Amino acid sequence: MKVTPENVRDFILQGLACEHIQVDGDGRHFEAVIVSREFEGKGMLQRHKQVYQVLGDRMEKIHALSMKTWTPEQWADNQ
Amino acid sequence: MDEKQIALENIKKTVTGNPVVLYMKGTPQFPQCGFSGRAAQVLKACGVTNYVAVNVLEDKGAYDYLKFYADFPTFPQCYIKGELIGGSDIMLGMYEQGELQKLIEQATAR
């Protein structure tokens, strides 16, 4: 079954509390903007690993996921 | 040693034996995936020409087992002095902040 952007969004939300999340994609390539307090005090690599961990085996079905991972403060600065 | 151990040992040798390594789909000249192409372009923009590019489409061990090496499930992956930097998003982000250039400069300085 093809994975939809909504699926990816729901998968992430199951394991990560997000202030904001937006996922777009065509079923193989996805782009996500993820804003979470849980990213505070973490570098980019740790943030990406955290999202991959939440997705776990489901990454097998997701060919590629491009991510912007922000804390609420960084998100506010980027608006 | 089983297949996985051999693959992980090879990866370790490659990333610790070279200052800058990019595991990618395809080659820097002919990338087979947009994200891999972007990663190679970021390295090019950093001015590094003598990095080691491993085409995972021709390296079954890396293709199957790289995800276990640094617990990171996707390609491309960039290593500097044996440390995983990240995939193309992280590389681009660090490049835009001037951090990747600094790391590469330090790693390749003689």
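**Terms and their grounds**

Guide: In this predicted model, helix H1 (residues 5-15) of chain A lies across S1 and S2 of chain A, and its direction makes an angle of about 145 degrees with S1(A).

Visitor: What makes S1(A) and strand S2 (residues 29-35) of chain A a pair?

Guide: Pairing requires at least two bridges between two strands. S1(A) and S2(A) are joined by 6 bridges and run antiparallel, so they meet the criterion. Within S2(A), Glu31(A) is the residue that Asp24(A) stands opposite.

Visitor: Which strands are the edge strands of the sheet in chain A, and why are they called so?

Guide: The sheet is open, with 3 strands in the order S1-S2-S3 (chain A) and mixed pairing. Strand S1 (20-25) and S3 of chain A each pair on one side only, and they are the edge strands. Neighbouring strands of this sheet are turned by 10 degrees against each other on average, direction ignored.

Visitor: Turning to chain B, what is its pattern along the sequence?

Guide: Chain B has 5 helices and 4 strands, which follow one another as α-β-α-β-α-β-β-α-α.

Visitor: Why is chain B called as compact as a globular protein of its length?

Guide: The globule rule gives 13 Å for 110 residues, and the radius of gyration of chain B is 13 Å, close to that value, so the description applies. The C-alpha atoms of chain B fill a box of roughly 40 × 30 × 20 Å along the principal axes, and 40% of the 110 residues count as buried.

Visitor: What makes Met91(B) a buried residue?

Guide: The term requires 20 or more other C-beta atoms within 10 Å of the residue's own. Met91(B) is classed as buried, as are Ser88(B), Asp89(B), Ile90(B) and Met94(B) of helix H4 (residues 88-96) of chain B. The buried residues of H4(B) pack against elements of chain A, helix H2 (44-55) and strand S3 (64-70), and against elements of chain B, including helix H5 (99-108). Just after H4(B), Gly98(B) has a positive phi of about 80 degrees.

Visitor: Which residues have the most contacts inside the largest nonpolar core?

Guide: They are Val21(B), Leu22(B), Tyr23(B), Ala39(B) and Met91(B), in a core of 32 residues. A second, separate core of 15 residues includes Val8(A), Leu16(A), Val51(A) and Ile62(A).

Visitor: How do you know that Leu22(B) has contacts beyond its sequence neighbours?

Guide: With neighbours within four places set aside, Leu22(B) is in contact with residues including Ala39(B), Leu43(B), Tyr51(B) and Cys78(B).

Methods
Residues are numbered from 1 along each chain as its sequence is written. Chains are lettered from A and ligands numbered from 1 in the order in which they are written. This is a predicted model: local features need pLDDT of at least 70, side-chain atom pairs count only at pLDDT 80 or more; totals for chains, interfaces and linings use all residues. A residue is buried if 20 or more other C-beta atoms lie within 10 Å of its own, exposed if 12 or fewer, and partly exposed in between; C-beta atoms are placed from the backbone. Helices (H or I, at least four residues) and strands (E, at least two) are DSSP runs, numbered from the N terminus. Two residues are in contact if their C-beta atoms, placed from the backbone, lie within 7 Å. Axes are lines fitted to C-alpha atoms, for helices over the stretch in contact, and angles run from 0 to 180 degrees between N-to-C directions. A nonpolar core is a set of buried Ala, Val, Leu, Ile, Met, Phe, Trp, Tyr and Cys residues joined through C-beta atoms within 7 Å. The radius of gyration is taken over C-alpha atoms; the globule rule is 2.2 Å times the number of residues to the power 0.38.
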